[in-house]
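Please look over the sequence and the structure shown here.

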Amino acid sequence: MKNFIIYASLLLSLLANKALAQETFEAKAKAIAEKIENITKEEKAALKAEIESVNKELEAGTITKEQADAKKLQLAEIRSKNIETRVGQAQEELKELVNQKVEGKIKESKNQYFSVVIKRDSIRKTRGERRTTSQFVFAAGVNNLVTDGSVANSDFRYWGSHFYEWGFTSNTRLLKNDNLLHLKYGMSVMYNNLRPTDNRVFVTNGNQTYLENFQYNLKDSRLRNVYLTVPLHLEFDFTKAKEKDGKKIFRTHESVRFGIGGYAGVRVKSKQKLCYELDGNDISIKEKGDFNVNDFIYGVSTYIGYGETSLYLKYDLNPMFKDNAIKQNNISLGVRFDFN
């Protein structure tokens with residue numbers, strides 16, 4: 001775990017150096033989060049209206065029940081594809097926003113920073129928060145495989161292999177008159193990327209998946225696994241309660257937070273992307289398949305931080321490949337943002 005300790009130190013340093021620009025970053029990220037939420041609402045509302053229209057046709061006797069079911073399925077597939085495409089575009093905006101933040105391109109004046117903080121705090125101080133709040137979660141960082149209990153001498157690039165995660169969570173205060181314990185639950189999409197070293201690619205032979213040298217000089221080689229997961233955490237929030245007119249006012253995400261729990265989910269898709277040059281031409285190949293990757297995923301995760309920003313670690317308890325002779329488990333370390 002030595003490499004990940006190094007990663008943790010670097011990421012904590014990054015958080016400290018970028019703290020001043022946090023509000024602008026958060027405002028932009030929240031805007032993208034609202035866009036994603038609105039996309040989902042719009043497509044679901046449109047699908048509901050279309051299904052009601054089909055039901056009216058069925059009641060009028062202009063179509064049969066079999067035709068109605070087929071039509072509903074087709075409409076659901078179209079709307080699902082629309083959500084995937086539109087949310088994918090918003091996700092690219094998030095990734096670019098994170099890159100700009102890391103590179104220090106997001107700047108603001110101190111006056112703007114403090115005006116945002118004062119406005120937000122004045123609103124929250126007067127009315128506090130409900131017992132259950134909701135957050136948009138976005139996380140990003142490095143990704144790799146644990147082999148024989150270690151990530152040392154990995155077959156995958158340490159800084160070139162990344163993960164991304166976004167989703168929505170609910171945060172419920174467990175005790176009526178104490179702010180320490182919270183149950184955090186929701187749904188998220190995980191993108192785990194692995195980039196092999198030494199000009200290699202993933203190949204399958206029966207139920208075995210392994211790395212093999214590629215015949216041309218690769219510019220990029222990447223295997224991406226996408227999962228739909230349900231995370232569950234017990235969160236310790238050390239934000240102190242305020243008191244007004246003899247009544248306690250509770251708020252969250254204003255002090256040190258620590259969460260421990262896990263996740264479970266299903267694999268949505270796997271894809272390998274290869275990029276290389278041949279006879280002066282840039283060649284890009286995308287291979288879709290299961291690559292013998294497990295269809296289900298479950299693991300443990302934890303995070304610790306201050307306010308809306310945390311250091312985030314997650315580890316898959318089941319191996320990435322179903323039947324490989326050598327068991328390898330995915331591990332990720334990065335920065336997590338929980339936007340109220």
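Rings of Phe, Tyr and Trp (its six-membered ring) form a pair if their centres lie within 6.5 Å; planes under 30 degrees apart make the pair stacked, over 60 edge-to-face, and the rest tilted. By this rule the structure holds 9 aromatic pairs. The model is a predicted one, in which local features need pLDDT of at least 70 and side-chain atom pairs count only at pLDDT 80 or more, while totals for chains, interfaces and linings use all residues. Residues are numbered from 1 along each chain as its sequence is written, and side-chain values use heavy atoms, with hydrogens and water left out.

In one of the pairs, the ring centres of phenylalanine 163 and tyrosine 312 are 6.3 Å apart and the planes meet at 55°, so the pair is tilted. Phenylalanine 163 belongs to strand β2 and tyrosine 312 to strand β12 (residues 309-316), so that the pair links distant parts of the chain, 149 residues apart. Here helices (H or I, at least four residues) and strands (E, at least two) are DSSP runs, numbered from the N terminus. Phenylalanine 163 has 1% relative accessibility and therefore counts as buried; tyrosine 312, at 2%, also counts as buried. Buried means under 20% relative accessible area, exposed over 50%, and partly exposed in between (1.4 Å probe, protein chains only).

The rings of tyrosine 216 and tyrosine 276 have centres 5.2 Å apart and planes at 10°, so this pair is stacked. Because tyrosine 216 lies in the loop between β5 (208-213) and β6 (218-237) and tyrosine 276 in strand β9 (residues 256-278), the pair ties together parts that are 60 residues apart in sequence. Tyrosine 216 is partly exposed at 29% relative accessibility, whereas tyrosine 276 is buried at 8%. Elsewhere, ring pairs link Phe156, Phe202 and Phe321 into a cluster.

Arginine 336 lies over the face of tyrosine 303, 4.4 Å from the ring centre, and over the face of tyrosine 312, at 5.0 Å. A charge sits over a ring if NZ of Lys or CZ of Arg is within 6 Å of the ring centre and within 35 degrees of the ring normal.

Tyrosine 303 is part of strand β11 (residues 296-306), where side chains alternate. β11 pairs with β9 in the antiparallel sense over 11 bridges, and glycine 262 stands opposite valine 300 in β11. β11 also pairs with β12 in the antiparallel sense, over 8 bridges. Two strands pair if DSSP finds at least two bridges between them. The hairpin of β11 and β12 has 2 residues between the strands, and glycine 307 takes a positive phi near 65° there.

What lies in the interior? The largest nonpolar core has 21 residues, of which Ile32, Ile36, Leu94, Phe136, Phe138, Trp166 and Tyr191 touch the most other members. Such a core is a set of buried Ala, Val, Leu, Ile, Met, Phe, Trp, Tyr and Cys residues joined through side-chain atoms within 4.5 Å. A second, separate core of 18 residues includes Phe163, Leu194, Ile297 and Met320.
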